Amino acid sequence: MKKSAAEIIGEYGPFPGVDAVHGVSFDGEKVWFASGDKLNVLNPESGKIDRSLNVAAHAGTAFDGKFLYQIVEAQIQKIDPNTGKVMSAIPTPPGGAAGMAWAEGALWVGQHRAKKIHKVNPDTGEILATIESNRFVTGVTWVDGELWHATWQDDQSDLRQVDPANGEVLQSLTMPQGTFISGLESDGVNRFFCGGGSSGKIRAVRRPA
C-alpha cells in the first residue's frame, strides 16, 4: 500500500448558518453539501453558497446526473435538485448509513462504525454487494473507475483508494492532524471535496496523479 500525506489545495467556509458539513456531492460544476436541515450549493470558484434547498440532510449525499440522493435518518431520499421535492425513498442498509456515492447505476453507501461499503439498488434498497474496511467509513466516491472512501477514527482521517472487489487498500492519503473528513466527492478530475464535519468547512484535496 502506498501511503502519503494529503495535499490540501483549497478551503471553503465556514459558512453563515452552517454548524456542520455532512454529505458532499458534485454535479459537474457546483458542490452540494448537507448541513442538517438544508442542502447547499457551493460555487467552488467563488467560494460562496449560491442557493439552498430546505430539505433534511443528515449524512451522505450523491448525484446521479439528474437527481440528488440524501441520507435522512433511516432513509435515502431521491430529491429533485431544482425544486427540493422528494421523489421517492428507500431504506438505508440495516445499521444505518454515513457516506454515499453514485456509480455504475447504483448507490455506494458507507456505514461508519460497521466499517462497510454497500452497493445498493437505488430503486429498492436491496444490497447488491458489500466491501469491508478496517476503519470507520465516512464519505465514499468513485472517479475513473477508482473507489475511494474517507475514514475518521481515533482523531485521525485519511482518504483511501480500495479495490472494489475485495476492499484491499491500494493507497492512502493522511489528513493533517485536527482535520477530519465527514463527506467526500471527487470533481471527476484532480480534486476531492472533503466535508469537514463540525468545522463547517469543505476542503479540496489533490487527487494523486
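**Close-up 1. Met100 sits in strand E11 (residues 100-103).** Strands (E, at least two residues) are DSSP runs, numbered from the N terminus. This is a predicted model, in which local features need pLDDT of at least 70, side-chain atom pairs count only at pLDDT 80 or more, and totals for chains, interfaces and linings use all residues. Residues are numbered from 1 along each chain as its sequence is written, and side-chain values use heavy atoms, with hydrogens and water left out. Met100 has 1% relative accessibility, so it counts as buried. Buried means under 20% relative accessible area, exposed means over 50%, and partly exposed lies in between (1.4 Å probe, protein chains only). Leaving aside residues up to four places away in sequence, Met100 touches several residues, including Gly60, Tyr69, Ile76, Trp108 and Val140. Contact means heavy atoms within 4.5 Å. Met100 and Gly110 are ten residues apart in sequence, and their C-alpha atoms are 6.0 Å apart.

**Close-up 2. Tyr12 and Phe193 form a tilted aromatic pair.** The structure holds seven aromatic pairs. Tyr12 lies in strand E2 (residues 8-12) and Phe193 in strand E20 (residues 191-195), 181 residues apart. Both residues are buried. Tyr12, Phe26 and Phe193 form one aromatic cluster. Rings of Phe, Tyr and Trp (its six-membered ring) pair if their centres lie within 6.5 Å; planes under 30 degrees apart count as stacked, over 60 as edge-to-face and the rest as tilted.

**Close-up 3. Tyr69 and Trp102 form a stacked aromatic pair.** Their centres are 5.6 Å apart, with 15 degrees between the planes. Tyr69 is in strand E8 (residues 68-72) and Trp102 in strand E11, 33 residues apart. Tyr69 is buried, at 3% relative accessible area. Trp102 is partly exposed, at 25%.

**Close-up 4. Lys78 lies over the face of Phe67.** The distance to the ring centre is 4.7 Å. A charge sits over a ring if NZ of Lys or CZ of Arg is within 6 Å of the ring centre and within 35 degrees of the ring normal.

Close-up 5. Most residues other than glycine have a negative phi, and most peptide bonds are trans. The peptide bond from Gly13 to Pro14 is cis, with omega near 0 degrees. Pro14 lies in the loop between E2 and strand E3 (24-26). Asp144 has a positive phi of about 50 degrees. Its loop joins strand E15 (137-143) and strand E16 (146-153). Asp144 is exposed, at 59% relative accessible area. Asp155 has a positive phi of about 60 degrees. Asp155 is in the loop between E16 and strand E17 (156-162), and is exposed at 53%.

Notes. Helix = DSSP H or I, 4+ residues; strand = E, 2+ residues; numbered from the N terminus.
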